[in-house]
Amino acid sequence: MNKGLFFLPLVLALVACSNDESSDADTPTDDNPTTVQELENSGAIPKLARGSDLEGADVDNNGIRDDVDDYISNHFSESSHISAANQAARANQAVLNTDLLSPTAVRQTNQKISRATACIYEVFEVPGSGSEPAEVSRDLEAITFNTASRLKKYMEFNKALDGASWSLPEGSSCE
Amino acid sequence: MSKPTRTFLSFAISLFIITSTSLNAFAQPYEARNFCRDSGIIFAFFNGVQTTIGEANRALNEFRRIHGNERADGENIRYEVMYNYTDGLDDFVETFEQRVLEQEQILAGRYELALEIINGGGKWWQRLAELATTLPETRDDFINWYQAKIVQSLTSLAGNPPTITNYSEHQSRVDTWIVEGKQILMVAHSQGNLFANSAYGYASDKIDNEALNLVHIAPASPTTNGPHRLADKDLVINALRASGSVVGITDIIPGYLNRPGGLNGQTDILGHGLLEIYLNPALGLGAAVVQNIETELANLQPPETEFEAETGFFTATLTWNGAGDVDLHVYEPSGSHVFYQAMTGTSGYLDVDNTVANGPEHYFAACEAEKLQAGTYQVGIANYDRADGRTASLQIASFRDGVLGTRSVTLGPPTGDNPSHIMFDVEVIEDSETGEFEVIVQ
């Protein structure tokens, strides 16, 4: 048998794995990325799903889009960090499901965001956490609203809260 | 019942409640569970131009991180947002798409960059810029458009400043702070100064000067009611200066390329951002802003309020616009009907009753687990006398999260002791496992 043909299935399997979005794509692969794909694979920029649907895929039905789930698992390792990031991601994702014509619904989603942001600070402002809470919170906000329709919905959500008032939650805000 | 009698009773019952609560506290052999942290100081933040909800929350958390939960004398501080949205940027997403994403293949579809490019870039933008030399030009083109739009928006807003009566939720919140005897520190950034000036003017007519202070950060207004800070390279305010008067520059900051990252790691090419510039601990300006706030916090004094209402687990504050007697009614889960003739309920109290004009009337639900009942509290209002055609506003706020809802209604003819409008169903839910209570409005 030709040695090349003998190794063909293995080569094809490796190629298939390299194109699989569910592989450990954010694992650093290159110290000096020269393409967008390499930047994504290195974790230097987020690798996100950009489908036209507002809510996106959430296969495990945990209230967090699957690509945001991947981002969190690739960026945080401590359980408290993951839990706080998940809470923030769920709160941001709730914006996309919110009926903006319902002031009560808008306010309830805002309360989730307020509590989730306070939780991010509770967890990440601890010395030695390795991340600034403002940066963690802002990155999660940015990757959630990563398409035109999602960003527009977020802007409309902001507008719906024009003139609102709320407070920094008292007590622990982590779920 | 005559008005003077009701006013006297209001005062007497409030005094009785306060006294009996104190006596009960001494009489109890165990420490009652109290869900509320008594805060004498309100730190009210009025956000700047194009601030997202997320960014407003981050700013509030950063303020608490810097100034803490209590003042040096032990007085607790409560942090609240008075949110305002920036009009005139409805085409932001489309313009970002056309002027940025469509200009370079590697940017296609990356809307996550939108919120960082308005500060001039960011860690993701910087990495992409290593792959395409045209990105700085693309960014500058968009920043120029963005700067022109926000200056246009601010100029329009400054020419026709917002009034607090247009922002009924803010007004009701200020009324609640005043009736609860709070010391109020307003801190405003950018366009938030226009809203804060309006709120300050409204509040200053109602409480002592010593109980109200305002700190201006990068004000988009020539009018100030307290100390201000403005960077020399704040390109937004500098552009406003070209079309009208603005306050004087107080601080010099480095040029964009030499600027250290702020609290969120960003540098802000426009020199206007709150976390990037004005609260940046690596800039002298950041330290100066913090010092201004610390000084104004320290200068606050408790007001000599005629009736000091309690901060409850949740509160209902009723106000109206003019003369007349409007009444607040609360039907508690126990069936108790709390109003001016029965000011003490099973779980709460009507501790402020106004029979003359404007309000407020104020109800609070107890913070003690032993008194607070789970269930539905129906909150309604009635035109008792002389308030036909008035606009009445009712605000529900919780101790934990602040305002939960504000609704207004135009009153019809008097309905005596029967509420004409049930404005809110307030649900108090007890977690059977933790014993904690949660409140939501319907």
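Here is a short chat about how the terms used for this structure are applied.

Author: This is a predicted model, where local features need pLDDT of at least 70, side-chain atom pairs count only at pLDDT 80 or more, and totals for chains, interfaces and linings use all residues. Residues are numbered from 1 along each chain as written, chains are lettered from A in the order written, and side-chain values use heavy atoms, without hydrogens and water.

Reader: Why is a residue called buried, and how much of chain B is?

Author: Buried means under 20% relative accessible area, with a 1.4 Å probe and protein chains only. By that cut-off, 57% of the 442 residues in chain B are buried; for chain A, the share is 48% of 175 residues.

Reader: What makes a set of residues a nonpolar core?

Author: Its members are buried Ala, Val, Leu, Ile, Met, Phe, Trp, Tyr and Cys residues, joined through side-chain atoms within 4.5 Å. The largest such core holds 109 residues, and B:Phe92 and B:Tyr278 touch the most other members. Apart from it lies another core of 38 residues, including B:Tyr377 and B:Leu411.

Reader: What counts as a contact?

Author: Heavy atoms within 4.5 Å. Among chain B contacts between residues at least 6 apart in sequence, 68% join residues at least 24 apart; in chain A, that figure is 57%.

Conventions. Buried < 20%, exposed > 50% of the residue type's maximum accessible area, 1.4 Å probe, protein only.
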